[in-house]
Structures are given as structure tokens and as C-alpha cells.
Amino acid sequence: MSLDAMIDRLLEREGGFVNHPADRGGATNWGITQGTLAAWRGVAVSAADVQVMGKDEARAIYRDRYFTKPGFDAIADPELQELLFDYAVNSGPGAAAKGLQTALQGMGLYKGNIDGGFGPKSQAALAACNNIPELYYRTKCERYELFLRFIGRDPAQAVFATGWSNRMDELQDQ
């Protein structure tokens, strides 16, 4: 699947503007939070700026911050790549890389520190993996575990549990 197709699917999952009081990300449009937009533009932005942000800008942010910079463009398997891309958008690229590293470690393939980077050690461990469906499942389980930790630390986040679960169900299982 092309990156453009992945972004199209992601935009469908994310939807338009929301500003839920329990969402720690604050004002969000197309899945881009106020903080992310401010960092992207290099200036402070308001909730109104987030609300009028267009899809083209969101697409550029996704491509740069959540796909290319974390190195997820180097992943050959399209389903695993989409899972990690979506994970990065929803929870941050570092969390996505940690989930993958933990899954690879659980399979005995990754010996490094769980540091949230998708560098040479993580890439070598992924290249050595001969059971991508197991890796996909383990990474998805790490993501569910992360959601449970969010709720455990802040019970107000439970309001998002069904949406998070539905989002995971929309991703293709291997």
C-alpha cells in the first residue's frame, strides 16, 4: 500500500476537528494536535488555527513526522508498516518504536535497550524476523497494553477506550 493510501485511511479514522475536554492532546484536526501543529509551523497556534488547518498540511505533517523521520518508510511489510504509522500518529513515533522493539525482544530478536528509536539495531532485528504475522500481533498487543496504561494512569481516558479499540479493529490483521 502506498503512503498516500495509508494517509487516506488514517484521515478517515481520525476525522475532522475535535476538542474533547478529556483529550490530553487538546484541539485536534485530522489527528493533528495543537502542539504538533505549533511545532510544525514553529509558532504558537490557537484552537481556531487547528480547526482551519487543511488536509494537505495534515498530510505533509504525517509524511514527515510520523513516517519518514521515525524511519517507518524502511519497513517492507505493508500491514506492519501501516500499524506502526497509525501507532505513531495516535501515541507518538517513540511509543510506536518501543512497541515494535518490545515485540521483537519478546521474539528473541532484539537485544538492545527499549529506547523508542527505529535505528540500526531495531532494523536488523526486523530484518531477521521470519514470522511477520507473529510480530504484527505482538506489536498490536503492545499497543493495547499502552492504552490500558493510559487509562490506569488517568481514568478519564477510559472515555476513549472504545474508539481506540475500534481503530485497532480497522487495521488489517494478518
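Predicted model: local features only at pLDDT ≥ 70, side-chain atom pairs only at ≥ 80, totals over all residues.
Residues are numbered from 1 along each chain as its sequence is written, and side-chain values use heavy atoms, with hydrogens and water left out.

**Whole chain**

Start with a cartoon of everything. There are 9 helices and 2 strands (DSSP runs numbered from the N terminus: helices are H or I with at least four residues, strands are E with at least two). From the N terminus the order is α-β-β-α-α-α-α-α-α-α-α. The radius of gyration is 16 Å, close to the 16 Å from the globule rule for 174 residues, so the protein is as compact as a globular protein of that length. That radius is taken over C-alpha atoms, and the globule rule is 2.2 Å times the number of residues to the power 0.38. Along the principal axes, the C-alpha atoms fill a box of roughly 45 × 35 × 30 Å.

Next, colour by accessibility. Of the 174 residues, 43% are buried (buried is under 20% relative accessible area, exposed is over 50%, and partly exposed is in between, with a 1.4 Å probe and protein chains only). Of the contacts between residues at least 6 apart in sequence, 55% join residues at least 24 apart; a contact means heavy atoms within 4.5 Å.

**Charges**

Select the charged side chains: 18 are positive and 22 negative, and the centres of the two sets lie 5 Å apart. Lys and Arg count as positive, Asp and Glu as negative, with His and the chain ends not counted. Each charge is placed at NZ of Lys, CZ of Arg, CG of Asp or CD of Glu. A salt bridge is a side-chain nitrogen of Lys or Arg within 4 Å of a carboxyl oxygen of Asp or Glu, and the count comes to 14.

**Arg59 and its partners**

Select Arg59, Asp4 and Asp8. Between Arg59 and Asp4, the closest N and O atoms of the salt bridge are 3.5 Å apart. Arg59 belongs to helix 4 (residues 55-68) and Asp4 to helix 1 (residues 3-14), so this pair ties together parts 55 residues apart in sequence. Arg59 also forms a salt bridge with Asp8, at 2.7 Å from N to O. Arg59 is buried at 18% relative accessibility, Asp4 is partly exposed at 38%, and Asp8 is partly exposed at 38%.

**Helix 8**

Move to helix 8 (residues 132-153), where Arg149 and Glu145 are 4 residues apart, about one helical turn. Their side chains meet in a salt bridge of 3.8 Å, N to O. Arg149 is partly exposed at 37% relative accessibility, and Glu145 is partly exposed at 37%. Now select Arg9, Arg13, Glu14, Glu82, Asp86, Arg143 and Arg167, which salt bridges with shared partners join into one network.

Last stop: is Thr139 buried or exposed? Thr139, in helix 8, is buried at 0% relative accessibility. Leaving out residues up to four places away in sequence, Thr139 touches Leu80, Leu83, Leu84, Tyr87, Gly99, Leu100 and Ala103.
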